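Morning, everyone. I have one structure to walk through today.

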Amino acid sequence: MAYADIVIAIAGNLPDGPNPWRRSRRLAAAASGLLPPPVMLLMSILSMQIGAAVATKLFAALGPSGTVFFRLGFSAIFLAAAARPNLLSFGPAQWRAIAVLGAAICMMNLPFYWALARIPLGVASAIQFIGPLVVGLATSRRPRDFLWLAMAAGGVAILSRDIGTALDPIGVCDALLAAAGWAAFILASKWVGEAAPGGGGLSLGVAASALAAAPFYLGDGHLATASWVAIAGALVVAILSTALPLSLEFAALKRLPARTYSVLMTLEPVTATIVGLLLLAQPLDWRISAAILLITMASLGVTLFDRRR
């Protein structure tokens, strides 16, 4: 899968910029000298999932849509401050690619946060992982890959038994929409990487995603309940979910093969399940846990046997 390529495209071309990006890059640089790369990747995964858990605490004040809007907005500021894109240097074809990327990022994040308001974090993360899994399988015709597809389908089948009882059907649909958004993001990020090399196009794509999320925030009725404390919380979420993870992952990739990176990133659903249990008190029964494990193993299998890595 293309996880390493995406992180390199986002973080690898960004010069040191102002805070808080610079602080996160310095933290990652310090960690790279003290911690093994796999540990830094696990810290990155944990940071992203803790960021998602913190985000759920903001839903009462900002709503899921408002939390996404402020998180993407702050993330766009961090990335733009580091990349310093020259807006006049982009042509119509590049702006089209950036607009598509922004829509994909919005589609990846907005439904995921909607899902978090209805279903456990671990379940939402596992379902969203189906997106990159399908992208990885779509480019291969090896017989072995049908095993991974069957495992993922088995996980989804197990989850489907709990839809309407333990799992809110709307939340499951939202997570599936987020999975489609993640798949679209993988494809769109490659397009932007070719049309607008460097970090500028991707930083503008994040800004476009914040603009795309704005109408949902304005229309969900939480505008009047927003507070400076909640907005500050969204800033924390942006740091935990964007600036710090990208910095740690980029530092780890300097000393870690891309294949190893991709394999470790398949641990996200399991990590999300643990974070949901510990921080959000979201215990899961054995069937749902087995479904998450099957989807994780399918992603791991596809990544391990991907010859492009």
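This is a predicted model: local features need pLDDT of at least 70, side-chain atom pairs count only at pLDDT 80 or more; totals for chains, interfaces and linings use all residues.

Let me start with a question: is the crossing of α7 and α8 left-handed or right-handed? It is left-handed.

Now the overview. The chain has 14 helices and zero strands.

Two packed helices are described by the angle between their axes and the distance between the axes. Helix α8 covers residues 143-160, and its axis comes within 11 Å of the axis of α7. The two cross at roughly 160°. An angle over 145 degrees counts as roughly antiparallel, which means α7 is roughly antiparallel to α8.

Who touches whom? On the α7 side we have Ile130, Leu133 and Leu137. They meet Asp145, Trp148, Leu149, Ala152 and Val156 in α8. By class, that contact has seven nonpolar residues, no polar ones and one charged.

Helix α7 has another partner to show you. That is α14, residues 286-304. Helix α7 itself runs over residues 130-138. Here the axes come within 10 Å and cross at roughly 35°. Again, α7 passes α14 in a left-handed crossing. From α7, the residues are Ile130, Leu133, Gly136 and Leu137. From α14, they are Ile295, Ala298, Ser299 and Val302. The class count for this contact is six nonpolar, two polar and no charged.

Is Trp148 buried or exposed? The relative accessible area is 10%, and buried means under 20%, so Trp148 is buried. Leave out residues up to four places away in sequence, and Trp148 touches Leu137, Met297, Ala298, Gly301, Val302 and Phe305. Take Met297 from that set. Trp148 and Met297 are 149 residues apart in sequence, yet their C-alpha atoms are 7.8 Å apart in space.

Now the core. In soluble globular proteins, nonpolar side chains tend to be buried together. The largest nonpolar core here has 61 residues. Those with the most contacts inside it are Leu62, Leu121, Val123 and Leu159. Which helix gives the most to this core? Helix α5, residues 92-116, with 11 residues.

Zoom in on Leu159. Beyond its neighbours within four places in sequence, Leu159 is in contact with Val123, Ile127, Leu167, Ile288, Ala291 and Ile295. There is also a second, separate core, of 11 residues. Among them are Met40, Leu41, Leu264 and Met265.

Last stop: Thr266. Where does it sit? Thr266 lies in the loop between α12, residues 258-265, and α13, residues 268-279. Thr266 has a relative accessibility of 1%, so it counts as buried. Skipping neighbours within four places in sequence, Thr266 contacts Phe129, Thr296, Ser299, Leu300 and Thr303. Note Ser299: that residue of α14 also meets α7.

To recap the opening pair: α7 and α8 cross left-handed, with axes at roughly 160°. That's it from me. Over to you.

Definitions and conventions:
Residues are numbered from 1 along each chain as its sequence is written. Side-chain values use heavy atoms; hydrogens and water are left out. Axes are lines fitted to C-alpha atoms, for helices over the stretch in contact, and angles run from 0 to 180 degrees between N-to-C directions. Helices (H or I, at least four residues) and strands (E, at least two) are DSSP runs, numbered from the N terminus. A crossing is left-handed if the near helix is turned anticlockwise from the far one by less than a right angle, and right-handed if clockwise. Contact means heavy atoms within 4.5 Å. Ala, Val, Leu, Ile, Met, Phe, Trp, Tyr, Cys and Pro count as nonpolar, Asp, Glu, Lys and Arg as charged, and the others, Gly among them, as polar. A nonpolar core is a set of buried Ala, Val, Leu, Ile, Met, Phe, Trp, Tyr and Cys residues joined through side-chain atoms within 4.5 Å. Buried means under 20% relative accessible area, exposed over 50%, partly exposed in between (1.4 Å probe, protein chains only). Angles under 35 degrees count as roughly parallel, over 145 as roughly antiparallel, 65 to 115 as roughly perpendicular and the rest as oblique.
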